[in-house]
There are 2 protein chains.
Amino acid sequence: MKKENMSENNTNNNNNVSDLIEQYLKDILLEDDSIEIKRSDVAELFSVVPSQINYVINTRFNLQNGYIIESKRGGGGYIRIERVHFSQAQQVFDDLIDVIGDSIGQPNANQIIQALYEDDVITLREAKIMISSISKDTLRIADKVVENTVRARILVGMINRLRYEEGQ
Amino acid sequence: MKKENMSENNTNNNNNVSDLIEQYLKDILLEDDSIEIKRSDVAELFSVVPSQINYVINTRFNLQNGYIIESKRGGGGYIRIERVHFSQAQQVFDDLIDVIGDSIGQPNANQIIQALYEDDVITLREAKIMISSISKDTLRIADKVVENTVRARILVGMINRLRYEEGQ
DNA sequence: TTTAATTAGTCAATATTAGTCAAACAAAAT
DNA sequence: ATTTTGTTTGACTAATATTGACTAATTAAA
């Protein structure tokens, strides 16, 4: 992972608070793979409204950037930012997701899962779990078009989950 | 028996008393499969009102989480928390499917998957695949009622798959 | 057997967080 | 100059935790 500055400014005359908050969080993440913050604390530290923390997280700490966010509301609530490590097979995942598109039938979906298994990306048990999750009998959606749409989403969701692992 | 939570694999420094009580009870449960507490004692230990113990038990020690609760009022009353071992009892698959019914929200579904992981019925990776398959963001079904129905079917489908895998 | 004491359960009000969304504003691009 | 994109703000929403008044069950004492 590089930590180079995004294109816009190597010139540090940056009075964009969101960038400062981003840098603040990334500095802490240099120490640890995962941090927990209290939204209101960070907001106060930078004198911004709490929802700006959400903005920073949504724009700079999303999955594409290599972070997973978890949070909890209520007393003792928190936002956790965790850095993830991407697996090798990104291109394969991209291609598969491309093939799936936004609709896929059960036979094709099974083929894709089978291929992942044969490529040692997933185990046999994982393959079986995935197959059962998208089977026609499991979904039981009357409208074929909707069924294929939902199946595509589930399959893409699971494949996206294979992209990364937490921790080191 | 895993002690780390899937979503909390790091040092967790939050000030939420309910979480502390949960951890306190789970620490004791590491020794024994079943414990008996006196509600008022635990409440006093953590300086909370007694009914908060009920809150902790209801939210963290329900069947979905792999625990059975029994209690008795009156003099010498108690609350017993008993850990259920999923892998030991086919029956529990039935109970889980019963709990799921034909509709389930994402938080409850995640709890069930988490419990299956903690009881070594599924691996961490399998748990994460399952969670992503039923997540709100994956399904993206506008109608909440339909979403919960589809989620229930997917989860039941996957759990049934695990049942047939039993005994490798 | 009746009553008192001793437990746990329920439920709703309140408190404490984080999330969403769209409007206002600012900066960059055309 | 205008349009497009990114940032900041705050009103409203949602989730979770905490508290306490009231209820219910059980045992102990009168």
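A residue is buried if 20 or more other C-beta atoms lie within 10 Å of its own, exposed if 12 or fewer, and partly exposed in between, with C-beta atoms placed from the backbone. Ser47(B) has 8 C-beta neighbours inside 10 Å and therefore counts as exposed.

This is a predicted model, in which local features need pLDDT of at least 70, side-chain atom pairs count only at pLDDT 80 or more, and totals for chains, interfaces and linings use all residues. Residues are numbered from 1 along each chain as its sequence is written, while chains are lettered from A and ligands numbered from 1 in the order in which they are written.

**Domains and chain contact**

Chain A splits into domain 1 (17-85) and domain 2 (90-166); such bounds come from an automatic or database domain assignment. The C-alpha centres of these two domains of chain A are 31 Å apart.

Chain A gives 26 residues to the contact with chain B, and chain B gives 26 residues. Residues are in contact if their C-beta atoms, placed from the backbone, lie within 7 Å. On the side of chain A that touches chain B, strand S1 (34-37), helix H6 (124-133), helix H7 (136-139) and helix H8 (144-162) of chain A each give two or more residues. Helices (H or I, at least four residues) and strands (E, at least two) are DSSP runs, numbered from the N terminus. That side of chain A holds seven nonpolar, 10 polar and nine charged residues. Here Ala, Val, Leu, Ile, Met, Phe, Trp, Tyr, Cys and Pro count as nonpolar, Asp, Glu, Lys and Arg as charged, and the others, Gly among them, as polar.

**DNA surfaces**

Helix H1 (17-31) and H3 of both chain A and chain B each supply at least two residues of the surface near DNA strand D.

**The hairpin of chain B**

Strand S2 (residues 67-72) of chain B runs antiparallel to S3(B), joined by six bridges. Strands pair if DSSP finds at least two bridges between them. Glu70(B) has Arg80(B) as its bridge partner in S3(B). Five residues lie between the strands of this hairpin, where Gly74(B) takes a positive phi near 75°.

Positive phi also occurs in residues other than glycine. Ser47(B), with phi near 55°, sits in the loop between H2 and H3 of chain B. Arg140(B), with phi of about 45°, is in the loop between helix H7 (136-139) and H8 of chain B. Arg140(B) counts as exposed because it has 12 C-beta neighbours inside 10 Å.

**Core and a loop contact**

A nonpolar core is a set of buried Ala, Val, Leu, Ile, Met, Phe, Trp, Tyr and Cys residues joined through C-beta atoms within 7 Å. The largest has 39 residues, of which Leu155(A), Ile113(B), Leu116(B), Met130(B) and Leu155(B) touch the most other members. Beyond four places in sequence, Leu155(B) touches Ile100(B), Ile104(B), Ala109(B), Ile112(B) and Ile134(B).

Asp102(A) lies in the loop between helix H4 (90-100) and H5 of chain A. With 9 C-beta neighbours inside 10 Å, Asp102(A) counts as exposed. Leaving out neighbours within four places in sequence, Asp102(A) contacts Thr149(A) and Ala152(A). From Asp102(A) to Arg153(A), 51 residues apart in sequence, the C-alpha to C-alpha distance is 6.9 Å.

Terms used
Contact = placed C-beta atoms within 7 Å.
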